[in-house]
Amino acid sequence: ESMQADATTTAVCGYCSTGCGLRLHLRDEEAVGLTPETSYPVNLGMACPKGWEALRVLDSEDRATEPLIRGSDGKFAAVSWDHALRLFTTRMKGIQRQHGPDSVAFLSTGQIACEEMAFLGALAKFGMGIKHGDGNTRQCMATAATAYKESFGFDSPPFTYDDFEQSDCMVFIGANPCIGHPIMWERVLRNQNDPEIIVIDPRRTESAMAATQHLQIRPKSDLALLYAITNHLIACECVDRKFINNHTEGFEKLCEHVSRFTPDAVAPMTGISADAIRQTAETIGRRKAVSLWWTMGVNQSYEGTRTAQAIINIALITGNIGRPGTGANSITGQCNAMGSRLWSNTTNLFGHHDFKDSADREKVASSLGIDPERIPTEPSWSYDGIMDGIRRGDIRGLWVIATNPAHSWIHQSEARNLLDRLDFLVVQDMYHTTETARHADLILPAAGWGEKSGTFINSERRYGVLKKVRRAPGKALADFHIFRALASYWGVEEMFAEWTDPEAVFRIMQRASEDQPCDITGIQGYEQIDRCGGVQWPWTEADAEGDFQPEQQRRLFADGRFYHHDGRARLVVDDVTAMPEAPDAEYPTLLMTGRGTVSQWHTQTRTNKSPVLRKLYPNEAYIEINPEDAAAMGVENGDQVRAQSRRGSLLATAMVTPTVKPGHAFMPMHYEATNQLTLGHFDPHSRQPSYKDCAVRIERA
Ligand code: SF4
């Protein structure tokens, strides 16, 4: 990095959904350094440590540099691409011949480019006849997607980051943007409206400490609390009757449903006083521009979808949508989770169409130039359904792309057993050392961020461009080129004749997006996206001809029209359900898991390769315990403790801190062992795993 740069270019960051613009400093067309891009409308010259260190992790020694196959001695041996792709095809086709086409599945990711997701989904489903495939976005965004679809008629986060600066009241529910989305938090700090900042979270997080109000609720009492806030908004006439009448459906049912959730009734469930609940409702009711933001505390829950919809309901009944500084706003996790939601061809058909709708199948088939008969008439099984399929022996071949289920899937020991049960496991990844790669039969070495091109979509629906600024090490190939090669080995290259490079695929995506809420037919190409600082969807041909410029911030629903056929949003309510594994005498502590730091990402496959990022975060697993509990256990800060659940146990360093209440504990998800404790249970609507609640026992080790 000491080398002098001779040129620069820009690209969006490849970790989180903020989608910061980075300026890459090049020498002989290879990136030798980077700085945050000052003109990019997302990050305004800022980046978090992960972004700053994005190049360093590409140089790691454990990069997968050639295809590896596991021999009969259990050891990996390097083979040629030709050998690897032949093996992939022979084994997967063999499994399909013997056990049916649905016996092979894939698990992909929110970390690869839209064009790669589109290629993978089309190749697998239309080319290889694979019906079941899902993404790790099931672990982060499925709940928000399901909630939006039911409430708004389309999976459509309505906001733009400018809303952080325009609000006069922001409510963060199960979200810790200080750590999870630090550059978004910077936007909050720039807000000049003296905003009320309310954080609803069972932990006293960094964001809670910086807020004007923290409601430290009992874990998983958020749905009841939101209903009580709704109850009081109605009781004190803090609702927007005109908006409700003109733009929503289901208000009477909502009123009836929340009538029993009075602040007094809900106070004991939540641990928040009735007065504080009333005061929060009145603040929301009084302020002019209220935005409500949520992330994993809501999404990763056994009643996440209904909780997200309770947030959406509050925005709707108070008319806080479609105006600057408002919205019911799900902040996405991964850099391209939004791309996965539109383009992965898993839950939704290519371009957020419906597998079950024959007109949609015809439309997608014609925009791709394929026979509609090749399109499955059912959506894929969700991630947990695929795991169940492996358990039953229905799925025997699995292709894992840029994700790490052996670390990240809930109830880890079971997940690992299932991976071992497969007849053939292919792992396509930048690194040959991931926990999942240890179980693989075949490893395909992939290029990473910075070594390939394409687009990502960030949390505010903004397409941004990534660029190839480094050569991938050894024989590693961009996922795009691996898919292209596999199409040829599988014998379906004709179907993908037009899919020559990422930008050609982008044009196919544009065609398929026509007349969808996510229509991008007006985008001129990568050059325009790059020049405009990203382009938010929708950007239709009509938009391109109008006065509004792609550089301007765009929020949805300014006209109060939602995507249901009647144009009205739905107010959805449901019963509050009991926590599946509440603490008891044997396992008395409630364990929450989540993001522990700004410097590490997910299962640390990349971020752990940077000495700088490693220094910012303890390498040894730690667990947060309240001082009262610690005293009762005879544990002091820094002691080793054993945490045990009904599924497994682990050793961790005690971090004695009042950020968690007595009876609660918190452990970051970045450590390999964390999911040995978690309980495999799911939101029934989104099938998203509930990572935030399981019962454990903690003792001195
Ligand atoms: Fe920005 Fe997220 Fe990248 Fe950090 S990880 S630089 S916040 S996009």
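1. A word on terms before the helices: axes here are lines fitted to C-alpha atoms, for helices over the stretch in contact, with angles running from 0 to 180 degrees between N-to-C directions. Helices (H or I, at least four residues) and strands (E, at least two) are DSSP runs, numbered from the N terminus. Keep in mind that this is a predicted model, where local features need pLDDT of at least 70, side-chain atom pairs count only at pLDDT 80 or more, and totals for chains, interfaces and linings use all residues. Residues are numbered from 1 along each chain as its sequence is written, and side-chain values use heavy atoms, with hydrogens and water left out.

2. Have a look at helix 3 (residues 114–127) and helix 22 (residues 502–513): their axes come within 9 Å and cross at roughly 75°. That makes helix 3 roughly perpendicular to helix 22 (angles under 35 degrees count as roughly parallel, over 145 as roughly antiparallel, 65 to 115 as roughly perpendicular and the rest as oblique). Cys114, Glu115 and Ala118 of helix 3 are in contact with Pro502, Val505, Phe506 and Met509 of helix 22, contact meaning heavy atoms within 4.5 Å.

3. On the domains: the chain splits into domain 1 (7–59), domain 2 (68–137 + 336–545), domain 3 (142–331) and domain 4 (589–700), with bounds from an automatic or database domain assignment. The C-alpha centres of domain 2 and domain 4 are 31 Å apart, and 19 residues of domain 2 touch 22 residues of domain 4.

4. Domain 2 and domain 4 bury about 1700 Å² between them, 52% of it on carbon and sulfur atoms. Buried area is the accessible area (1.4 Å probe) that two parts lose on being put together, summed over both. On the domain 2 side, His407, Ile410 and Tyr431 supply 34% of the area buried against domain 4, more than any other three residues.

5. Salt bridges next (a side-chain nitrogen of Lys or Arg within 4 Å of a carboxyl oxygen of Asp or Glu). The whole structure has 43, and three cross the interface of domain 2 and domain 4. Asp62 and Lys609 pair up at 3.0 Å, N to O; they sit 547 residues apart in the chain.

6. Two backbone spots to check. The Trp537 to Pro538 peptide bond is cis, with omega near 0°, and Pro538 is in the loop between strand 19 (535–536) and helix 24 (541–545). Asp28 isn't a glycine, yet has a positive phi of about 50°.
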